[in-house]
Amino acid sequence: MALLHVENLRVDIPMGNSPTPDDLLHAVRGLNFEVERGEMLCIVGESGCGKSLTSLALMDLLPRKAQRTASRLTLDGIDMIGQSERHMCDLRGNRLAMIFQEPMTSLNPAYSIGDQLSEVLTRHRKVSRKDALVRAGQMLEKVGISNATERLRQYPHQLSGGLRQRVIIAMALMCEPDLIIADEPTTALDVTIQAQILRLIRDIQKELGLAVIFITHDLGLVARIADRVAVMYAGEIVETAPALQLFENPQHPYTRGLLASIPIPGQTKPGAALGSIPGLVPSLVGEQQGCAFRNRCGQAIPACAQDVPEVEQDGHMARCLFAAPAPAPIRLQERARS
Amino acid sequence: MLGFLLRRLGIAICVAITVSVISFSLLHLSGDLATAIGGPEATSEQIEQIRVQYGLNKPLPTQYFNWLGDLLRLDLGDSFFFQESVYNLVASRLPITLGLGAMALAIALLVAIPLGVLAAVKRDTWIDRLALSIAVLGQAMPSFWFALMLIVVFAVTLKWLPVSGNSTMLHFVMPAIALGYYATPAIMRLTRAGMLDVLSSDYIRTARAKGLRPARVLFKHALRNALIPVVALAAVEFGFMLGGSVVIETVFSLQGIGQLAWDAIARDDFPVVQAVVLLIAVIYIILTLLADVLNALLDPRIRVR
């Protein structure tokens, strides 16, 4: 049984002061997905496609105005929809944790690293502050921070961005959660640090057998770390597949458009124009129907304006009338393995 | 931290010296002191005698350093009006003003900070609007009028509290409320603004993502950061309460520094005026220093480099 079940997750945001149903921004529109233990699921999509709101919805940390609904949202069999705020507090940081995008501002400037780390453990476990600090030191070493005892006494402003992100990762690991949601954890970092942090998350995920939802807009990064990929467009998952499958045999025109826009070393000629997707993302205010991508899609037919069913075969799902997922040719799988 | 303290102390001393020069100059710019001391009926021989007696015939820098030397020995000269040393005069009045100010500050903080936090947490609700309305009302109401209303209600009608005087603690309750109420709106608004700012910050989201209870998020992670600007404001307001409580002291017949200064100005009692001006300046300097130290304690970015 999968660790995380999400069925028909929606996030609606009322626009204006006295919103009518027509003024609802349907930011996340009926997501279905599962995450297995030990699996790295990457959610990819462009800015504004609802991927960050999805992560906040899972944590129940949405902005005040946003409304979350779902027909099912369970973590390890625990229902997270009907939970009181009190019970959600018990889960957060304990069974599911989050790594944020902005390491520079995600730590409290007024408290030491040791204080902010140990607090997670003293909140969820019956341990003394002293033992929690010992554990915090071990966690800092685990995320590759040397002279941990000294770092515990330091304050966030004394640490670089890369170090702060390591601290935030250590913080997420304090209670050994089942699921970690990482919302663009490397976007705000230098390229060299990005690679280090990425490797760190991947290594720790493998070592501890964690389930990770990794949210990003960077397909190149997805190719390196994902077990499975969900592509989001305009608040919907338009395609999900095992990573290899998705890259070798993309079914949704949007996924294909994204892949075409990535330069490939050795194949893309210098100076040649990269692929781009014409048109703009549709407004999500008011009731939506049909494929959200149809206005930008070269294949669109009148039937695309009706509800588009999900087509699924062997764990490869695409929400497109033209989708015909097939297993990737064996030749390609072997090439990827080598 | 020690380096920080020494730096701040150095600045404080520089400010104090500047204040002493300005205070000395102002007194000598305000006219011929000997004539003022002698009064309108003094003959020119008498004025000359006063000039010699008070050392007013010496060059100004000499006079300044003599005066500064006396000042450091707490010798502030004698009052022209009371045949008493200025030091004794001020020392007998200061506790009343300090006590009143401290009580007023305590009341202001105890009302303003919880109200500001509440308004921020319940933003855009009737609680928030009520708190802001009280703040506007507080800023718009003259303090002497508010003080008189307090007297009418609590002293005259209900007879719970004494009307005026300073013999018991009870005498200080109404003045402290009247004085504190004046500082409450500004502190409340700044607390509210600070909390709103902090509550939408990334590290509060982190604290919530850790599973911390709302109260802990609010009082441990948010309030400390929101209070950093409030400390500086509270220090200024406290200085204002100590220096500007003339109206309240008059309404309630409290014999504090404010009253003393007011009377001294009316009587051309220069040594007293000068002493009070200096005292208030020194109080401001000390309060600023205290606020800096408090801020450093609250904010490690100031304290640890």
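Which residue just after α1(A) takes a positive phi? That would be A:D60, at about 60°; more on it below.

1. Ground rules. This is a predicted model, in which local features need pLDDT of at least 70 and side-chain atom pairs count only at pLDDT 80 or more, while totals for chains, interfaces and linings use all residues. Residues are numbered from 1 along each chain as its sequence is written, chains are lettered from A and ligands numbered from 1 in the order in which they are written, and side-chain values use heavy atoms, with hydrogens and water left out.

2. Chain A overall. Chain A has 11 helices and 13 strands (DSSP runs numbered from the N terminus: H or I of at least four residues for helices, E of at least two for strands). The radius of gyration of chain A, 21 Å, is close to the 20 Å from the globule rule for 338 residues, so chain A is as compact as a globular protein of that length. That radius is taken over C-alpha atoms, and the rule is 2.2 Å times the number of residues to the power 0.38. The C-alpha atoms of chain A fill a box of roughly 65 × 55 × 40 Å along the principal axes.

3. Of the 338 residues, 54% are buried (under 20% relative accessible area; exposed is over 50%, partly exposed in between, with a 1.4 Å probe and protein chains only). Among contacts (heavy atoms within 4.5 Å) with a separation of 6 or more, 66% join residues 24 or more positions apart.

4. Chain B overall. Here you will find 14 helices and zero strands. The C-alpha trace of chain B spans about 85 × 60 × 30 Å along its principal axes. Buried residues make up 42% of its 305 residues, and 74% of its contacts with a separation of 6 or more are between residues 24 or more positions apart.

5. Helix α1 of chain A. Eight of the nine residues in this helix (51-59) are buried, so it is largely enclosed by the rest of the structure. Among them are A:K51, A:L53 and A:M59.

6. Most residues other than glycine have a negative phi. A:D76 sits in the loop between β5 (72-75) and β6 (78-79) of chain A and is partly exposed, at 32% relative accessible area. In chain B, B:L74 has a positive phi of about 60° and lies in the loop between α4 (60-72) and α5.

7. The largest pocket. This pocket holds about 970 Å³ of space and is lined by 27 residues, with A:L62, A:R64, B:R123, B:L199 and B:R208 nearest its centre. Elements giving two or more lining residues are α2 (85-91) of chain A and α5 (86-121), α8 (170-199), α9 (202-209) and α10 (214-243) of chain B; α9(B) gives the most, four. On a 1 Å grid over the protein atoms alone, a pocket is an open set of points where a 1.4 Å probe fits, with protein on both sides within 12 Å along at least five of seven lines, and lining residues have an atom within 4 Å of a point. Grid points are joined across faces, edges and corners, and the volume is the space filled by probe spheres set on them.

8. A:R92. This arginine is in the loop between α2 and β7 (96-99) of chain A and counts as buried, at 1% relative accessibility. Leaving aside neighbours within four places in sequence, its contacts include A:D60, A:E85 and B:R208.
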